[in-house]
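These are my notebook entries on one chain. I set down what I looked up, entry by entry.

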Amino acid sequence: MARRPRPKVVTLTDAAAAQVRELMTEKGVGFLRVGVKNAGCAGMEYTMDFAADVNPMDETVEQDGARVMIAPMAQMFLFGTEIDYETAL
């Protein structure tokens, strides 16, 4: 019996994937790393940073050439999330 593929923690829109690819090239890094941290009584705050290497505990999502690592603590908060990118005032 064949195993079903594991669902991705997050997905990216075409605009988000293009922006991540552009930033990866511009910064000379391999991954965008997404995490969460405590934000006082308001709950959790999302963090984004660039990483050159894979953290073995992170979940790696690759989509359309964009590579995103999800920190272990953030996975349960982000499961099923779609990351988008837009510019506006």
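Which residue takes a positive phi in the hairpin of β4 and β5? I found that Asp-64 does, near 50°, in a hairpin with two residues between the strands.

Basis. I note that the model is predicted: local features need pLDDT of at least 70, side-chain atom pairs count only at pLDDT 80 or more, and totals for chains, interfaces and linings use all residues. Residues are numbered from 1 along each chain as its sequence is written, and side-chain values use heavy atoms, with hydrogens and water left out.

Strands. I took strands (E, at least two residues) and helices (H or I, at least four) as DSSP runs, numbered from the N terminus. β4 and β5 (residues 66-70) run antiparallel and are joined by five bridges. I looked up two partners in β5: Met-69 for Thr-60, and Val-68 for Val-61.

Faces of β4. I saw that Glu-59, Val-61 and Gln-63 point to one face and are buried (under 20% relative accessible area, 1.4 Å probe, protein chains only; exposed is over 50%, partly exposed in between).

Asp-58. I located Asp-58 in the loop between β3 (44-51) and β4 (59-63). Its relative accessible area is 9%, so Asp-58 is buried. Leaving aside neighbours within four places in sequence, its contacts (heavy atoms within 4.5 Å) include Arg-33, Met-69 and Gln-75. The side chains of Asp-58 and Arg-33 make a polar contact at 2.6 Å (a pair of N or O atoms within 3.5 Å; within protein, one must be able to donate a hydrogen and the other to accept it, and residues adjacent in sequence count only if both atoms are side-chain atoms).

Key
Pairing = 2+ DSSP bridges.
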